[in-house]
Amino acid sequence: MKNIFFLLFFVISCKSYTQQTIVPLRTYTVIPENAGYYKKDTNNELQAFEGTWKGTWNNKTIFITFQKIVNKYDGTFKYNRDYIAGKFKTLDGNGNILFDNTFLSGNEAKIEGIGFQNITDKYLMIYVDNDLCGMSGGIEMTFANTAKTQLNIYFDQRNQILDTDCYFYNYSPDQYPEPLPKDEIVLTKQ
């Protein structure tokens, strides 16, 4: 009987120790690191972003697929969270593939959501591509219509420090790869 009581106490203790404190996505206060917090999509706001979106710019076509990642521990923020991950394929005017990372898993996606901006309804993301010599930048997204079938997307590329190992080290800046549009474009849900 004593062993059963001890086992029951141990199970209850473990369960309470691992219980997460849920806070909504739009929590803008500091969340304590490693304290069992989960920034959850309690209002299902991320669901509208999920799916494949298509847009064109500079005679290129891009297909971006967004997927909701649920309850994943984030080593940067030090808590669990829900976010959108994005994978894309960019084609030239003739349909040739210029960039394609759609084969990656959601956990390996090169586009990862950070969260909603406090003042606006913009959803912020980061893009980091080690296959393109560490190309990176920020992405802002807002819906272009109330039906949420069109999405404004803006990519702000960060300055790159190119070393001699980079295959486009000796290229001029106008020859650098352009996997994402640098101007705001509208994507349409497919």
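The charged end of R26 sits over the ring of F116, at 4.0 Å from the ring centre. Keep in mind that this is a predicted model.

F116 also belongs to an aromatic cluster, together with F49, W53, Y123 and F143. The count of aromatic pairs comes to eight. One of them is W53 with F143, a tilted pair, with 6.3 Å between the centres and 50° between the planes. What does this pair tie together? W53 is in strand β3, residues 51-57, and F143 is in strand β9, residues 135-143, so the pair links parts that lie 90 residues apart in sequence.

Next, the largest pocket. Its volume is about 170 Å³. R26 and F116 are both in the lining, along with E45, F49, D121, T142, F143 and K148. By class, that lining has four charged residues, three nonpolar and one polar.

Staying with strand β9 for a moment, S136 lies there as well. Is S136 buried or exposed? S136 has a relative accessible area of 19% and counts as buried, because the cut-off is under 20%. Leaving out residues up to four places away in sequence, S136 touches Y127, V128, F155, Q157 and R158.

The largest cavity has a volume of about 60 Å³. Its lining consists of L25, K39, F77, Y79, R81, D82, I114, G115 and Y123. Two elements give two or more residues to that lining, β5 (79-91) and β7 (111-116). The largest share, three residues, comes from β5. By class, the lining of the largest cavity has five nonpolar residues, one polar and three charged. Y123, in this lining, is also a member of the aromatic cluster.

The second largest cavity holds about 50 Å³ of space. What lines the second largest cavity? The residues are I64, I139, I153, F155, L180, P181 and I185. By class, seven are nonpolar, with no polar and no charged residues. F155, in this lining, is also one of the residues that S136 touches.

Terms used. Residues are numbered from 1 along each chain as its sequence is written. This is a predicted model: local features need pLDDT of at least 70, side-chain atom pairs count only at pLDDT 80 or more; totals for chains, interfaces and linings use all residues. Side-chain values use heavy atoms; hydrogens and water are left out. Rings of Phe, Tyr and Trp (its six-membered ring) pair if their centres lie within 6.5 Å; planes under 30 degrees apart count as stacked, over 60 as edge-to-face and the rest as tilted. Helices (H or I, at least four residues) and strands (E, at least two) are DSSP runs, numbered from the N terminus. A charge sits over a ring if NZ of Lys or CZ of Arg is within 6 Å of the ring centre and within 35 degrees of the ring normal. On a 1 Å grid over the protein atoms alone, a cavity is a set of points where a 1.4 Å probe fits but cannot get out, and a pocket is an open set with protein on both sides within 12 Å along at least five of seven lines; lining residues have an atom within 4 Å of a point. Grid points are joined across faces, edges and corners, and a volume is the space filled by probe spheres set on the points. Ala, Val, Leu, Ile, Met, Phe, Trp, Tyr, Cys and Pro count as nonpolar, Asp, Glu, Lys and Arg as charged, and the others, Gly among them, as polar. Buried means under 20% relative accessible area, exposed over 50%, partly exposed in between (1.4 Å probe, protein chains only). Contact means heavy atoms within 4.5 Å.
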